[in-house]
Amino acid sequence: MSTGIQELLEAGVHFGHQTRRWNPRMKPYIFRAHNGVHIIDLAQTAEQLNAACNFLGNTIRSGGKILFVGTKKQAQPFIRELAETHKQHFVTDRWLGGMLTNLKTVKQRLKRLKEIETMEEDGSIAGYVKQEQASIRREKARLLKNLGGIRHMDSTPDAMFVVDIRREHNAIAEARKLRIPIVALVDTNCDPELVDYPIAGNDDAIKSIQIIVETISETIAEARGEQAATAEQIEEPVPAQPEIEATEPSPPAEPSENQGEASSISTTESIADAIYKACKGPGTDEKEIIDSINLINSQEEWQSVKLSFKAKYADHYDGDIIKCLNGDLSEKHLAEYVQTPLQNKGIQL
């Protein structure tokens with residue numbers, strides 16, 4: 001990450017709200033109060049921004065998708081540009097209730113949008129009278145405005161980035177309900193405990209929002225480049241090896257970093273497979289679930305396991321490993337076998 005404290009200071013990220021409008025849970029991130037305004041500790045903001053970028057970058061490298069939400073005027077152009085540039089989902093005009101929790105209905109509205117576009121392309125819309133044509137085109141404009149940014153969102157996103165969690169409280173509530181990891185720009189009047197990766201900073205000033213969004217955009221661009229390079233390496237055919245005369249065996253080579261990464265990917269896939277089999281069988285294999293959960297040692301590994309499960313078992317439990325575990329374990333056992341062991345390692349569901 002190239003953004004430092006000086007750049008954050010020049011962008012005015014340190015300016016919070018008036019002291020009488022603060023949320024006490026933001027106290028750890030406040031440096032001091034000056035002229036009745038809270039000043040945010042930019043040293044912590046820089047650390048939080050770095051952690052958020054690492055998480056979002058890893059999500060992209062794993063093939064995940066991110067939903068960007070920012071409906072306030074200051075954030076709209078930056079959020080839209082970032083999402084369209086990197087082919088991610090976005091909401092910039094209005095958050096409609098159920099965009100995540102009622103995705104089935106949203107897909108039906110998107111299907112209607114596609115139908116209207118098909119009518120315009122093949123000319124069948126001309127079969128309607130002018131008044132009906134105008135009504136259909138207004139419907140299309142309304143659908144594009146409200147749902148255009150998520151028209152390719154076939155399943156729930158793997159992460160969500162939000163500007164101003166007070167304004168986007170409905171989006172936050174839906175993401176929390178579905179256990180979608182949340183990254184957010186959090187001002188002094190917000191509750192940072194509602195999100196997984198808070199970035200303490202001014203969520204009202206244009207320059208402040210711009211520098212945070214641009215930093216995240218750079219991270220995603222880098223991650224997409226690495227993902228593309230990895231995909232090309234996998235697709236390249238292995239050249240045939242020429243026959244050589246038998247020689248004395250050479251000493252075993254030291255394992256490379258790439259081998260370590262491949263082993264890590266294999267491990268997360270095997271954990272996802274083990275949890276699926278433990279839940280899918282005639283009876284829940286609680287020991288297998290416990291053993292699998294104990295193999296997870298970081299938030300990144302847990303995220304990779306969830307992404308592997310989603311990729312391989314999209315037709316079962318909607319590809320949601322939490323839904324799989326919820327369906328086979330009681331609330332008490334879910335906490336005992338899964339939630340508590342992960343939390344003891346600093347990992348959130």
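How much of the 349-residue protein chain counts as buried? The share is 43%, with buried meaning under 20% relative accessible area, exposed over 50% and partly exposed in between (1.4 Å probe, protein chains only).

Before you click around, note that this is a predicted model, where local features need pLDDT of at least 70, side-chain atom pairs count only at pLDDT 80 or more, and totals for chains, interfaces and linings use all residues. Residues are numbered from 1 along each chain as its sequence is written, and side-chain values use heavy atoms, with hydrogens and water left out.

**Whole chain**

Start with a cartoon view: you'll find 12 helices and 8 strands. These are DSSP runs (helices H or I, at least four residues; strands E, at least two), numbered from the N terminus. Now think contacts, meaning heavy atoms within 4.5 Å. Of those between residues at least 6 apart in sequence, 63% join residues at least 24 apart.

**The second largest pocket**

A pocket here is an open set of points on a 1 Å grid over the protein atoms alone, with protein on both sides within 12 Å along at least five of seven lines; lining residues have an atom within 4 Å of a point. Its volume is about 640 Å³, counted as the space filled by probe spheres set on the points, which are joined across faces, edges and corners.

Colour α4 (103-122), α10 (299-312) and α11 (321-328): these elements each give two or more residues to the lining. α10 gives the most, with 4 residues.

**Aspartate 318**

Zoom in on aspartate 318, in the loop between α10 and α11. This residue counts as exposed because its relative accessibility is 58%. Beyond four places in sequence, aspartate 318 touches Tyr313 and Lys323.

**Aspartate 191**

For the last stop, go to aspartate 191, in the loop between β7 (182-186) and β8 (197-200). Is this one buried or exposed? Aspartate 191 is buried, because its relative accessible area is 13%. Show its surroundings and you'll see contacts with Asn23, Arg25 and Ile165, leaving aside neighbours within four places in sequence. Then pick the backbone nitrogen of glutamate 193, which lies 3.0 Å from a polar atom of the aspartate 191 side chain.

Conventions:
On a 1 Å grid over the protein atoms alone, a cavity is a set of points where a 1.4 Å probe fits but cannot get out, and a pocket is an open set with protein on both sides within 12 Å along at least five of seven lines; lining residues have an atom within 4 Å of a point. A polar contact is a pair of N or O atoms within 3.5 Å; within protein, one must be able to donate a hydrogen and the other to accept it, and residues adjacent in sequence count only if both atoms are side-chain atoms.
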